[in-house]
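Trainee: Hi! Could you walk me through this structure? I'm new to it.

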Amino acid sequence: LHAHFGSNPASVAMLCRTLGGPPYSFTVHGPDEFDRPRAIALGTKIESAAFVVGISDFTRSQLCRWCHPANWDRIRVVHCGLGAAFLDEPITPPPLAPRLVCVGRLSEQKGHPILLQAAARLAAEGVRFELVVVGDGPMRHTLEEMASRLGIADSVRLVGWESNERVRERIRDARALVLPSFAEGLPVVIMEALALGRPVITSQIAGIPELVEDGVNGWLIPPASVPALVSAMKESLSLSGGRLEQMGLQGARKVRAQHDVAKEA
């Protein structure tokens, strides 16, 4: 029995095994499991599993923290991957419009307030831009009020949840994806943006630097740093189309090498 996530699914699998059921294994995505590893008995689950999967080297390192070194060999890395809907898509040139997109659940861990503060600074400096925020969640009302209070409601559009196809269109229509998260595993939307030839502005945390290379296929910023985010956004808006396209192609090649779902499976 293989379970995804080291919280409740792995608990059920472990209890089934204890009651005489089949051997089990599980995949950990993070970051939730690492917020409360003792509360979910993560170490016990690792020790009694046939094997454990982390989605990045960083995730594997955190799993190693919570079990005896004798069990480290059973912890392996299998990346999340993309299928033909992204890997077989033609890569289009970046748009001329000064548009950026953020895709993610509107929750505290994604860092949206930092993004809106950075957008307000860009507006105050007279930088022309449009920021499209795709996603829904508990912070939506707070973020809408914040955008209005900062005077950027005309430049920042919170469009809510959208379909997978529409998200692909949003990414293609932007010069770069922005994701200033505070906590992550390795977001699939970053893989999606790079596969479509768009560089990524994101936080230098967790497994993200294993995919995003600063200055090569995107920008890595310290988490919660508004000045660093402003600088990266400004650069992405001012770069030539040729340079953006080169960064996007570098990202697409790396995704195809590391995150092809058929190879990972």
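Trainee: Which residue stands opposite Thr-202 in β10?
Mentor: That's Leu-220. Keep in mind that we're looking at a predicted model.

Trainee: And what about Ser-203, which residue is its bridge partner in β10?
Mentor: Ser-203 has Ile-221 as its bridge partner there. Strand β9, residues 200-203, pairs with β10 in the parallel sense, and four bridges join the two.

Trainee: What holds strands together in general?
Mentor: Strands of a sheet pair through backbone hydrogen bonds, and the pairing can be parallel or antiparallel.

Trainee: Where do the side chains of a regular strand go?
Mentor: They alternate between the two faces of the sheet.

Trainee: Back to β10, then. Which of its residues are buried on each side?
Mentor: Gly-218 and Leu-220 are buried on one side, and Trp-219 and Ile-221 are buried on the other. Both faces of β10 are covered.

Trainee: What sheet does β10 belong to, and what is the strand order?
Mentor: β10 is part of an open sheet of six strands, ordered β7-β6-β5-β8-β9-β10, with parallel pairing. The edge strands are β7 (156-160) and β10 (218-221), and each of them pairs on one side only. Ignoring direction, neighbouring strands in this sheet are turned by 20° against each other on average.

Trainee: Which strands does helix α6 lie across?
Mentor: Helix α6, residues 112-124, lies across β5 (99-103), β6 (130-134), β7 and β8 (176-179). Its direction is at about 165° to β6.

Trainee: I clicked on His-112. Where is its place, and is it buried or exposed?
Mentor: His-112 is in helix α6. It counts as buried because its relative accessible area is 2%, and the cut-off for buried is under 20%.

Trainee: What does His-112 touch?
Mentor: Leaving out residues up to four places away in sequence, His-112 touches Cys-102, Gly-104, Arg-105, Leu-106, Ser-107, Val-133 and Leu-143.

Trainee: New topic: helix α8. Which of its residues are buried?
Mentor: In α8, residues 164-172, the buried ones are Val-167, Arg-168, Arg-170, Ile-171 and Arg-172. What covers them includes α5 (84-87), β5, β6, β7 and α9 (188-195).

Trainee: Speaking of rings, how many aromatic pairs does the structure hold?
Mentor: One. Tyr-24 and Phe-26 form that pair, with their rings stacked at 6.3 Å centre to centre and 20° between the planes. Tyr-24 and Phe-26 are both buried.

Trainee: Now the other sheet. What is the order of its four strands?
Mentor: This open sheet runs β1-β2-β3-β4, with parallel pairing. Its edge strands are β1 (2-4) and β4 (75-77), each pairing on one side only. From one strand to the next, the twist averages 25°.

Trainee: How many bridges do β2 and β3 pair over?
Mentor: Four, in the parallel sense, between β2 (residues 25-28) and β3 (residues 51-54). Val-28 stands opposite Gly-54 in β3.

Trainee: Last one: which strands does helix α4 lie across?
Mentor: Helix α4, residues 57-65, lies across β2, β3 and β4, and runs at about 170° to β4.

Terms used
Residues are numbered from 1 along each chain as its sequence is written. This is a predicted model: local features need pLDDT of at least 70, side-chain atom pairs count only at pLDDT 80 or more; totals for chains, interfaces and linings use all residues. Side-chain values use heavy atoms; hydrogens and water are left out. Two strands pair if DSSP finds at least two bridges between them. Axes are lines fitted to C-alpha atoms, for helices over the stretch in contact, and angles run from 0 to 180 degrees between N-to-C directions. Contact means heavy atoms within 4.5 Å. Buried means under 20% relative accessible area, exposed over 50%, partly exposed in between (1.4 Å probe, protein chains only). Rings of Phe, Tyr and Trp (its six-membered ring) pair if their centres lie within 6.5 Å; planes under 30 degrees apart count as stacked, over 60 as edge-to-face and the rest as tilted.
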